[in-house]
Amino acid sequence: MLTIFSCPKPFTNPHINIIQRNAIKSWTLLKPKPEIILLGNDEGVSEICREFNLIHIPEIERNEYGTPLLNSIFSEAEKAASHQLMCYINADIILMSDFMKAIEVVINQMKPPFLLIGRRWDLEITELLSFESEDDLRCLLREKGKLYPPTGLDYFVFTKGLFGEIPPFAIGRLVFDNWLIWRAKSKGVPVVDLTPQNPVIHQAHDYSHIKNLDKSRFINSEIERNRKLLGKWWPMRIYTVWDSDYVLEDGKIKKASILRKVDPWAIRIIGVIFITLQRYYPYSYPILPFIKVIHKLTEVIRSFVYKKF
């Protein structure tokens with residue numbers, strides 16, 4: 001039915017080892033059990049593939065920093081996958097039984113191609129989970145979980161070949177996930193938000209694995225390169241969960257409200273204004289306070305939209 005593929009980080013960091021093991025184990029417990037492919041030859045990947053009897057593809061393309069490239073990951077996974085329906089997922093995301101149920105509902109109500117995405121719940125987890133009871137995990141999620149804004153995306157369920165040629169984005173370095181949504185929308189492929197019926201858990205971690213990171217602005221040369229791959233006016237391709245055409249709710253696929261699109265379009269327009277000022281009017285400082293006022297206004301609108309949805 002489904003092929004899940006991911007590119008884990010090295011298992012050498014004790015906390016990364018714990019959260020990746022938790023995530024991968026949760027995938028193996030899904031019913032019906034998906035085919036699982038792990039890519040990359042980082043330390044510990046081949047061992048966990050043997051432990052959980054997973055498919056391992058060691059050779060993938062990387063940039064000069066050793067970061068895996070998205071186009072290579074998708075290309076190699078699609079060639080090896082046994083199923084037409086695929087899911088790219090970050091290796092720190094725990095899935096629960098809702099995941100396969102949500103996909104089944106979409107398959108029964110919508111013809112492919114389609115793209116399924118959703119928001120994540122951030123949760124601090126520092127030990128290996130037994131997964132003896134999903135109820136315990138749900139209880140922990142209700143007590144301590146925090147729903148992440150719609151800008152961050154951690155899984156993509158899609159029909160094989162949907163994206164076509166993918167730029168060589170460095171994974172885990174921003175904007176590549178937003179591009180995947182833009183790409184689907186640009187091809188007229190419907191995008192469905194599974195958030196209401198598919199809680200996925202992102203196990204919180206630090207970002208020490210990103211080299212030369214300016215933490216105050218969360219930027220480095222790899223992130224800048226990813227942005228350039230989006231094109232000259234890159235903010236116009238920053239699509240989020242709010243750009244979904246449909247929402248899965250109460251077991252039915254419903255048309256997404258137009259109110260959801262206020263937030264992403266505000267972000268895109270402000271982004272274009274900023275880069276225009278930076279590029280063509282470097283001394284236009286009096287205008288910047290005005291832009292900040294607009295940004296504050298969008299935050300007010302965003303808070304209303306978040307509460308509504």
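## Checking a helix

How far apart are the end C-alpha atoms of helix H4, and what span should its 12 residues give? Helix H4 covers residues 98-109, and at 1.5 Å a residue it should span 16 Å. In this predicted model, its end C-alpha atoms are 17 Å apart, which agrees.

Now look at which parts of H4 are tucked away. Asp-98, Phe-99, Met-100, Ala-102, Ile-103 and Val-106 are buried. Here's a handy rule for reading a list like that: an α-helix has 3.6 residues a turn, so residues three or four places apart point the same way.

## The four-stranded sheet

Let's move on to the strands. Four of them make an open sheet, in the order E5-E11-E7-E8, with mixed pairing. At the edges you'll find strand E5 (93-94) and strand E8 (146-147); each has a single partner strand, so one side of each is left without a neighbour in the sheet. Helix H5 (residues 134-144) packs on this sheet and touches E5, strand E7 (120-123), E8 and E11. The direction of H5 makes about 85° with that of E7.

## Zooming in on E11

Strand E11 (residues 200-203) runs antiparallel to E5, and two bridges join them. In that pairing, Ile-93 has His-202 as its bridge partner, while Ile-94 has Ile-201. With E7, E11 pairs in the parallel sense, over four bridges. Look for Leu-123 there: its bridge partner in E11 is Gln-203.

## The nine-stranded sheet

There's another open sheet to trace, with nine strands in the order E3-E2-E1-E4-E9-E6-E10-E12-E13 and mixed pairing. Its edges are strand E3 (55-57) and strand E13 (252-255), each with a single partner strand, so one side of each has no neighbour in the sheet. Ignoring direction, neighbouring strands here are turned by 25° against each other on average.

Ile-89 stands opposite Tyr-155 in E9. Finally, helix H1 (residues 14-28) lies across strand E1 (3-6), strand E2 (35-39) and E4, and runs at about 155° to E2.

Conventions
Residues are numbered from 1 along each chain as its sequence is written. This is a predicted model: local features need pLDDT of at least 70, side-chain atom pairs count only at pLDDT 80 or more; totals for chains, interfaces and linings use all residues. Side-chain values use heavy atoms; hydrogens and water are left out. Two strands pair if DSSP finds at least two bridges between them. Contact means heavy atoms within 4.5 Å. Axes are lines fitted to C-alpha atoms, for helices over the stretch in contact, and angles run from 0 to 180 degrees between N-to-C directions. The expected span of a helix is 1.5 Å times one less than its number of residues. Buried means under 20% relative accessible area, exposed over 50%, partly exposed in between (1.4 Å probe, protein chains only).
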